[in-house]
Amino acid sequence: MHRIFSSIFSIVIAGLILFAAYGYSTSALNIEKSDERLHILEQATLASLSLHSALIARLQLVKGLVGLRKSHSNIDDEFYDFSHELAMSQDGVLSLQYAKNGIVSHVYPRDGNEKIIGHNLLKDQKRNGAVIRGILSQEFVIAGPLDLIQGGRAIIGRYPIFLTPPLPGKEMESFWGFAIIIIDVSSLFDESGITELADKVQLSIRGIDGLGKDGAVFFGNQGVFDQDPVLINVQIPNGSWQMAITPIGGWMVTVPQRNVILAIGILIAALSGILAFVFLERSAVLEKKVKQATKSLRKSHAEYRKILDGIKNEYFIYQHDLNNVYTYLSPSITNLLGYSTSELLNTQQSLMSDHPDNVDIFEIMGRVSSNAGSQSFSVVLKHADGTDRDFEILEFPTFSETKEITGIQGIARDVTDKRESQVRQMRAQAMFENTDEAILISNSVNEIISVNPAFMRITGYTEEEILGKSPSILSSQRQGKEFYKTMWESIRDTGSWNGEIWNRRKNGDFFPEWLSISTIKDDKNKTLNYIAIFRDISKQIFDADLIQKQTTTDALTGLPNRILFMDRLSQLIESYERDTNQFAILHVDIDNFKLVNETRGHSVGDKLLIEVSKRLKSDIRKSDTVCRLGSDEFVILLRGIHDVSIPVQIAEKIIKSCSEVFFPGDEEMFISCSIGVAMYPVDDRNSIDLMAHANMAMYRAKELGRNNFQFFSIDMAERIQNVSNLKTKMRKAIANSEFEAFYQPIVSCKSGKIEKAEALVRWIGSDQKLIFPDEFIPVAEDAGLIVPIGAQMLKQVCNDLPEFQSTSRFLESVSLNCSIRELKEANYVENFMNTIHSANIDIDLLVLEITESLFMDVHETVVPTNIRAFKNIGLKTALDDFGTGYSSLGYLQKFPTEFLKIDKSFVQDFETNAANKRLVNTIIKMAHGFHMKTIAEGVETESQLSLLKAMGCDYIQGYLISRPVRKKEFIGLLEWDNKNDLFAKAV
């Protein structure tokens with residue numbers, strides 16, 4: 001029985017010993033595997049650090065291109081030399097590029113890359129995803145690696161360039177284009193050691209276009225990711241790559257060692273029961289130690305992973321002994337702090353700045369050493385260039401084989417950008433609180449969740465009264481359902497809407513506002529919030545209405561002016577084309593009015609004009625319109641004429657009433673008038689020709705002795721023939737290039753220098769006689785000859801500009817006049833751009849002057865399309881002759897312009913004319929409110945200049961400085977301006 005028990009006991013002991021041996025062998029395997037993963041992890045970490053440093057070192061070159069563009073408006077002269085220096089500083093840089101407006105415009109090196117010039121990145125469906133991401137985030141984006149057409153693989157880095165200050169009328173910085181670098185992948189992997197490491201382990205990298213684990217594999221093969229690899233994330237701008245590493249042949253399995261342990265277990269099992277118990281006890285002790293070692297390894301592994309996972313941005317690794325002498329520094333410290341590793345290794349040089357918030361580094365060292373654990377803290381380090389950089393530090397001790405602390409190892413992460421982002425958020429909050437524009441934020445169901453102080457100030461509502469309500473609480477009910485339907489359709493389709501709208505304050509008052517609504521969506525395109533920003537534009541509308549009234553109404557008589565009359569005439573012709581009605585135009589001119597001004601004075605002449613206007617209004621029917629064209633000329637529009645009897649009766653009545661005595665001053669006065677009559681549609685169906693015919697008839701009445709009226713008739717064809725002859729002469733002049741650009745300086749009121757100029761067309765006939773524009777421009781406009789004349793002018797200006805720029809260091813741009821006939825040409829923009837590209841002229845050097853009367857033709861489809869096209873490609877525009885046309889606040893919003901030119905008719909007498917003085921002052925303030933610069937035309941006296949400068953006018957143009965001159969004389973003015981005070985010379 002005892003033997004059976006001993007046998008059973010021995011068998012049990014043997015089994016326990018075998019079980020312990022098996023457990024011990026398995027634990028040993030786990031220890032070896034953990035040790036092997038830790039070794040692989042160290043290799044992977046060093047490889048990722050090297051790869052990150054090598055990539056960032058090359059991508060930093062793009063910031064040089066960004067700086068070049070922001071500091072130079074003309075980059076052509078600098079780009080190639082600058083790019084050559086950048087490319088030579090790093091291996092593997094295949095190309096550096098600019099893409100203005102998303103279109104590749106500059107390439108280094110040019111040889112072999114000619115085909116890429118003109119490539120539109122935004123329209124490249126294979127690559128535009130990363131491009132658009134870069135514009136929206138305003139951050140660096142990485143594309144690739146991808147295969148190049150010329151062979152090899154490359155990484156493309158694109159940095160969006162946003163220029164400051166913003167363009168006029170824009171809240172945000174203006175997108176200019178991209179700075180681009182193309183990096184050879186093979187060179188990058190060779191320098192970082194990835195290629196060499198791949199010969200020792202199985203290594204694979206995925207994350208094309210910075211998509212991390214979701215991106216495709218571009219180094220190695222996908223199979224490595226399926227073998228329980230060590231995974232390391234490599235951070236790149238706006239994304240990441242993921243690196244996977246396993247040993248060649250897979251993870252280690254030490255079967256021989258395991259078999260030895262099992263054999264020993266069998267041998268031990270054959271020993272006596274006492275020896276079995278003793279050995280079993282020793283085995284238990286060993287197993288306990290194995291578990292403790294395994295647990296320690298896992299803890300170290302977890303801490304190491306925690307350190308690696310915490311590194312998200314640019315960083316460097318360092319190690320120093322207990323005397324603070326550096327024993328290791330990663331190469332990335334050069335990029336981050338500007339120091340080379342050689343100047344810091346084996347030294348005690350401190351990287352700490354003198355910032356008052358810095359911690360005591362020796363205190364941290366003491367805590368790390370005494371606790372034998374990691375310590376994290378923030379610190380400000382000094383860059384080699386003297387600037388401060390914010391870092392977050394994680395330090396932990398290093399140990400000798402005898403477990404003694406030998407020094408400190410640390411990882412330093414640059415968080416300067418993170419801190420600056422926090423500062424920007426604080427600034428944004430401050431702007432939210434302090435801006436003059438009201439801001440309303442609502443949730444996805446359009447419930448108000450936040451408003452700023454400006455909102456409460458403008459609307460009168462408190463925050464408690466408005467939160468949780470719908471924005472419709474502000475509705476004035478002045479816009480119908482169709483208006484709001486269209487508005488919300490725009491918000492749904494485009495994500496935004498802006499426009500003029502009337503709302504209501506808490507006290508019930510209505511007010512106009514300029515409103516912009518934007519949608520905020522998450523990455524799944526789900527609407528999160530709506531942001532509404534608006535400003536009260538009551539004053540702007542009042543000022544615009546004032547200008548509208550004064551620019552369409554004659555200031556002296558209160559009658560409609562030429563612009564309003566031509567508008568009504570065009571509308572009348574358009575409506576009469578559909579029926580058989582007739583109407584008549586009467587052109588009324590006071591005989592010898594110039595003599596009245598010369599002998600009795602302008603004040604008497606003004607009073608006479610006022611009295612004449614009153615008599616004209618009393619002589620016509622209610623359905624008729626009388627307007628003052630200017631000076632002593634009036635025009636009357638007679639509607640619903642069935643025969644000539646009505647024009648005859650009214651013309652006779654006017655002649656009779658104007659012949660009666662006037663009392664404009666202390667003495668009585670007698671005058672007469674001459675009248676020309678043109679009939680629609682008998683005499684013409686075109687408004688301009690009808691006016692011309694009435695004018696011809698009026699001059700015929702003067703030729704016949706004045707104080708009578710004449711109808712336009714065929715015997716006046718001689719005048720028309722003269723016009724026809726002029727057209728023929730002009731066509732020959734165009735063929736012979738007889739039209740020449742004269743230049744009139746535009747001087748800055750602030751600097752007193754010629755910063756701009758206007759190119760004006762002059763006709764130098766074959767006989768060398770100068771023909772002024774007033775003699776041929778109207779005929780050229782009517783005949784369509786203004787288009788080829790304008791083309792010749794543009795070509796001349798483009799040819800002259802380089803010489804002007806080499807002469808003057810102040811001249812910024814030259815403006816050209818654009819006519820309605822040119823803007824109506826469907827291919828006008830294309831021809832314009834072809835001309836400046838052929839001359840290699842930067843578009844920033846040109847300004848297109850458009851008369852405000854062009855706004856009357858916005859119903860044309862081509863005109864607004866061409867204006868928008870010019871604005872989209874960056875061409876600046878100036879609104880010419882402002883104050884004489886039919887402009888409005890709505891047009892200025894629809895077609896924003898950079899410059900507003902105040903017509904000379906308001907400037908020439910505004911020293912003595914209070915109404916014109918107020919009007920000029922109002923125009924300047926309104927223009928500045930729309931972020932536009934003002935140019936005053938016709939400045940001839942020092943007092944006019946002084947008044948304009950006091951009002952804040954930006955530029956002046958006129959005979960005070962210079963008449964329009966030929967190219968050679970203009971260059972002389974620029975040379976004088978470089979060295980002298982032009983204002984002093986003019987005065």
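I began with lysine 729, which lies over the face of tryptophan 763, at 5.6 Å from the ring centre. I count a charge as over a ring if NZ of Lys or CZ of Arg is within 6 Å of the ring centre and within 35 degrees of the ring normal. I found arginine 478 over the face of tryptophan 502, at 4.0 Å from the ring centre.

I note that this is a predicted model, in which local features need pLDDT of at least 70 and side-chain atom pairs count only at pLDDT 80 or more, while totals for chains, interfaces and linings use all residues. Residues are numbered from 1 along each chain as its sequence is written, and side-chain values use heavy atoms, with hydrogens and water left out.

I next looked up the aromatic pairs, of which the structure holds 25. Rings of Phe, Tyr and Trp (its six-membered ring) pair if their centres lie within 6.5 Å; planes under 30 degrees apart count as stacked, over 60 as edge-to-face and the rest as tilted.

I recorded phenylalanine 316 and phenylalanine 391 as edge-to-face, because their ring centres are 5.8 Å apart and their planes stand at 70°. This pair links distant parts of the chain, 75 residues apart: phenylalanine 316 is in strand E10 (residues 315–321) and phenylalanine 391 in strand E13 (residues 388–399). Strands (E, at least two residues) are DSSP runs, numbered from the N terminus. Both phenylalanine 316 and phenylalanine 391 are buried, that is, under 20% relative accessible area with a 1.4 Å probe, protein chains only.

Phenylalanine 899 is buried at 6% relative accessibility, and tyrosine 955 is buried at 9%.

How values were computed
Helix = DSSP H or I, 4+ residues; strand = E, 2+ residues; numbered from the N terminus. Buried < 20%, exposed > 50% of the residue type's maximum accessible area, 1.4 Å probe, protein only.
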